[in-house]
2 protein chains.
Amino acid sequence: MALLLKGIEVSKSIKKDLEKRVSVLSEKGIKPCIAIIRLGDRPDDVSYEKNAVKKLTDLGIECKLFRFETVITQDELITNIRVINSDASIHGILLFRPLPRHINEDAVKIEISPGKDIDCINPVNLAKVFAGDESGFAPCTPEAVIKTLEYYGIPLEGKNVVVIGRSLVVGKPLSMLLLKENATVTICHTRTRNLKEICKKAEILIVAAGKAKIVDDTYVSQGATVVDVGINVDEDGKLCGDVDTDKILDIAEAVTPVPGGIGTVTTSVLAEHTVRAAEQTVS
Amino acid sequence: MALLLKGIEVSKSIKKDLEKRVSVLSEKGIKPCIAIIRLGDRPDDVSYEKNAVKKLTDLGIECKLFRFETVITQDELITNIRVINSDASIHGILLFRPLPRHINEDAVKIEISPGKDIDCINPVNLAKVFAGDESGFAPCTPEAVIKTLEYYGIPLEGKNVVVIGRSLVVGKPLSMLLLKENATVTICHTRTRNLKEICKKAEILIVAAGKAKIVDDTYVSQGATVVDVGINVDEDGKLCGDVDTDKILDIAEAVTPVPGGIGTVTTSVLAEHTVRAAEQTVS
């Protein structure tokens with residue numbers, strides 16, 4: 001029976017570390033603070049924001065909410081971002097995307113101060129992830145994957161890791177973080193021909209395909225670790241991942257559940273980035 | 001006997017295309033122009049510059065040489081880059097690196113106007129390569145690999161491609177360009193454990209390891225295409241690649257020679273970028 005790599009345990013460990021760091025900052029009169037910028041009221045954004053605010057507040061991080069109408073002009077949005085950039089009491093910025101169509105996302109991304117860009121939106125930080133330079137902020141979900149494997153003592157050095165998915169939010173940056181850990185990385189996607197065969201060779205299989213239960217026992221070899229980054233709703237309206245977990249429990253050595261896996265760790269990583277951004281203002 | 005994928009043929013084809021485009025620009029009173037910025041007189045830089053100037057000039061591109069002493073301050077260098085950025089007669093900028101130690105390369109990179117950054121130094125362009133966004137400029141060597149395979153009609157879609165090397169100038173950006181062409185990409189490096197076995201599975205093997213002749217017949221499977229990005233000097237003082245070409249000629253379907261392979265195409269790609277940058281000023 002596969003070991004379940006539960007996100008809650010990873011989050012607890014991050015929380016323990018952050019509590020100390022928040023307390024050190026507090027002694028210096030600093031309270032880590034994140035600006036959450038939301039345009040309109042997309043239900044996904046509202047729900048994510050609500051959960052994030054709860055978790056961040058619980059960790060001693062102040063959340064300042066900036067909510068604008070979707071008709072805001074690009075110039076107005078940029079002006080607001082510049083005000084937030086120059087507000088020394090704010091350490092991190094989270095901007096919900098996609099932005100409305102009349103706004104050029106590239107023009108906005110570059111405006112977010114790299115030092116406050118805790119969600120890796122600015123190309124300066126994205127290029128750092130690409131370069132393996134850890135002085136910036138990586139996207140939260142890929143980093144949550146690395147932190148989870150690290151917490152459970154699953155080494156990456158020299159391992160054959162297969163990533164399904166080549167998105168700019170998960171697949172590609174995750175592949176760079178894995179390379180940084182000296183894994184040998186194979187990036188697969190919708191056009192990959194012999195997907196099953198390739199996945200079967202993986203010592204660690206990471207699925208970020210965005211399709212419910214596409215990976216089952218025919219993709220996994222005995223003793224592999226399977227990380228499921230997907231969050232989908234199945235035919236019964238229940239949350240599920242990209243992996244048909246029940247089918248691989250007897251084959252895999254370890255697997256992240258959905259819900260309760262990587263998704264749980266992502267907000268903790270966002271919190272860690274905010275605290276780190278605050279620390280960098282004093283060091 | 002493997003087909004030799006000669007760079008000169010690819011360069012000729014690029015030249016033919018560029019001649020037309022340079023002529024169209026000429027009718028509009030524009031002569032594509034590259035600024036080549038060199039600090040000091042490193043023999044490699046001087047030799048590369050000499051060859052590049054010859055080839056670019058031959059293609060109808062003007063070369064403006066900016067040569068500074070290595071003691072130039074960071075501020076002075078940036079001031080000079082800003083002057084070049086704002087000079088409308090200059091379309092592309094090539095800056096030799098590494099820069100002297102007293103200069104923060106990150107601070108300089110971001111100063112090169114993305115529209116003139118034909119060698120992909122600015123993180124804005126690097127992030128675009130990472131994102132699969134073709135509106136910027138990719139690094140020249142990885143693009144030369146893609147152009148060579150394209151010229152010789154070797155499809156990438158769905159192919160298992162193995163890249164040896166994870167540098168930011170070749171391995172990583174090349175992997176992103178290959179993904180963009182829908183190849184399945186495996187990135188190997190010095191810490192990869194079962195390198196031979198992985199390489200044997202490649203339909204296309206691309207070697208950018210920076211070590212003379214490390215790939216021989218034991219790494220290549222029958223019918224594979226092998227691209228050799230290495231440029232080294234062997235024990236007899238002769239130029240050689242990362243592949244022991246003689247040993248794989250009876251196994252591989254096609255192979256790029258060294259010298260006369262990818263290296264030959266790189267300057268043609270630099271020329272294409274300069275012409276494209278010039279075209280973008282009028283469109």
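This is a predicted model: local features need pLDDT of at least 70, side-chain atom pairs count only at pLDDT 80 or more; totals for chains, interfaces and linings use all residues.
**Exercise 1. Find out which face of helix α1 of chain A is buried, and what covers it.**

Step 1: Start with the extent of the helix. α1(A) runs over residues 7-27, has 21 residues and reaches 30 Å from its first C-alpha to its last, close to the 30 Å expected at 1.5 Å a residue.

Step 2: Pick out the buried positions. They are G7(A), V10(A), S11(A), I14(A), L18(A) and V22(A). Viewed down the axis of α1(A), the buried residues fall within an arc of 95°, so they line one face of the helix.

Step 3: Look for the cover. The buried residues of α1(A) are covered by elements including α6 (140-151) and α10 (262-282) of chain A.

Step 4: Follow the chain onwards. Just after α1(A), G29(A) adopts a positive phi of about 80°.

**Exercise 2. Work out the strand order and pairing of the three-stranded open sheet in chain A.**

Step 1: Read the order, which is β3-β2-β4, with parallel pairing.

Step 2: Identify the edges. These are β3 (62-68) and β4 (92-95) of chain A, each of which pairs on one side only. On average, neighbouring strands of this sheet are turned by 20° against each other, direction ignored.

Step 3: Zoom in on one pair. β2(A), residues 33-39, and β3(A) are joined in the parallel sense over seven bridges. As a check, find I36(A): its bridge partner in β3(A) is L65(A).

Step 4: α2(A), residues 43-58, lies across β2 and β3 of chain A and runs at about 170° to β2(A).

**Exercise 3. Locate the residues with the most contacts inside the largest nonpolar core.**

Step 1: Take the core itself, which has 159 residues; I206(A) and I206(B) have the most contacts inside it.

Step 2: List the contacts of I206(A), leaving aside neighbours within four places in sequence. They are V145(A), V161(A), V163(A), L174(A), V227(A) and V229(A).

**Exercise 4. Describe the side of chain A that touches chain B.**

Step 1: Count both sides: 22 residues of chain A are in contact with 23 residues of chain B.

Step 2: Assign elements. On the chain A side, α5 (123-131), α7 (171-180) and β6 (184-188) each supply at least two residues.

Step 3: Name the main contributor. α5(A) gives the most, with six residues.

Note on methods. Residues are numbered from 1 along each chain as its sequence is written. Chains are lettered from A and ligands numbered from 1 in the order in which they are written. Helices (H or I, at least four residues) and strands (E, at least two) are DSSP runs, numbered from the N terminus. The expected span of a helix is 1.5 Å times one less than its number of residues. A residue is buried if 20 or more other C-beta atoms lie within 10 Å of its own, exposed if 12 or fewer, and partly exposed in between; C-beta atoms are placed from the backbone. The arc is that of the directions from the helix axis to the C-beta atoms. Two residues are in contact if their C-beta atoms, placed from the backbone, lie within 7 Å. A nonpolar core is a set of buried Ala, Val, Leu, Ile, Met, Phe, Trp, Tyr and Cys residues joined through C-beta atoms within 7 Å. Two strands pair if DSSP finds at least two bridges between them. Axes are lines fitted to C-alpha atoms, for helices over the stretch in contact, and angles run from 0 to 180 degrees between N-to-C directions.
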